[in-house]
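Colleague: I have the sequence and the model open side by side. Can we go through the charged pairs, and then the backbone?

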Amino acid sequence: MRIISGLYKSRKIVAPKNLPVRPTTDMAKESLFNIINNLYYFDDISVLDLFAGTGNISYEFASRGTENITCVDQDFGCIKFINQTAQKFEMPIQTIKSDVFKFLEKTQIQSNIIFADPPYNFSDEQFAKIPELVFINNLLLDDGVLIVEHSKHTNLSELEHYRYSKSYGGNVFSFFEKA
């Protein structure tokens with residue numbers, strides 16, 4: 001994976017092969033950040049990266065100037081890799097090793113952007129639980145957006161707070177906002 005823009009543009013980051021991850025493709029990530037770039041100033045926002053995996057999305061935010069980034073993943077290897085990479089590049093990324101659903105039930109962290117990249121084989125109920133917990137627990141700031149990455153075989157358009165989706169190959173980003 002590579003960082004597309006910002007301070008660390010073109011830097012390649014190689015994750016260990018034994019991590020249980022499916023990193024967002026560079027093409028999909030670039031398209032996603034083009035959308036976000038039109039909505040926010042990166043140095044003015046806070047980001048919560050759920051199911052963070054390799055930290056791919058968080059590194060992109062950090063490279064573009066975001067200074068308040070929290071990554072949540074339940075895999076110790078993923079958290080260790082994110083911590084090592086953040087330290088190497090001096091990126092302002094905090095990590096929390098936790099089951100994402102338990103974290104969402106208990107946290108009081110509010111963010112401008114919450115990005116969730118759960119396993120593509122999640123059930124419809126598991127996907128639905130992500131926006132449900134985010135909105136029930138008021139985790140988005142007023143101008144905030146929840147972005148859920150999923151496969152083209154998953155449809156989240158019937159869920160409450162859903163606004164729109166963007167597809168890039170087999171990747172889909174569904175956007176959720178407060179009413």
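Colleague: How many salt bridges does the count come to?

Modeller: This is a predicted model, where local features need pLDDT of at least 70, side-chain atom pairs count only at pLDDT 80 or more, and totals for chains, interfaces and linings use all residues. Residues are numbered from 1 along each chain as its sequence is written, and side-chain values use heavy atoms, with hydrogens and water left out. A salt bridge here is a side-chain nitrogen of Lys or Arg within 4 Å of a carboxyl oxygen of Asp or Glu. By that rule the count is five.

Colleague: Which residue forms a salt bridge with D26?

Modeller: The closest N and O atoms of this pair are 3.3 Å apart. D26 sits in helix α1 and its partner in the segment before α1, 24 residues apart, so the pair links distant parts of the chain. Helices (H or I, at least four residues) and strands (E, at least two) are DSSP runs, numbered from the N terminus. The partner is R2.

Colleague: Is E60 buried or exposed?

Modeller: Buried means under 20% relative accessible area, exposed over 50%, and partly exposed in between (1.4 Å probe, protein chains only). E60 forms a salt bridge with R64, with closest N and O atoms 3.0 Å apart. R64 has a relative accessible area of 18%, so R64 is buried. E60 is at 0%, and therefore counts as buried.

Colleague: Which residue is linked with E60 and R64 in a network of salt bridges?

Modeller: E60 and R64 form a salt bridge themselves. The network links both of them with a lysine, K29.

Colleague: Which helix holds the salt-bridge partner of K129?

Modeller: K129 pairs with E105, the closest N and O atoms being 3.9 Å apart. K129 lies in helix α5 (residues 124-136), so the pair ties together parts that are 24 residues apart in sequence. At 31%, K129 counts as partly exposed, and so does E105 at 43%. E105 lies in helix α4 (residues 100-106).

Colleague: Now the backbone. What is the phi of E90?

Modeller: Most residues other than glycine have a negative phi. E90 lies in the loop between α3 (76-89) and β3 (93-97). With a relative accessible area of 71%, E90 is exposed. Its phi is positive, near 55°.

Colleague: What is the phi of S10?

Modeller: S10 is found in the segment before α1 (26-37). S10 is partly exposed, with a relative accessible area of 49%. Its phi is also a positive value in a residue other than glycine, near 75°.
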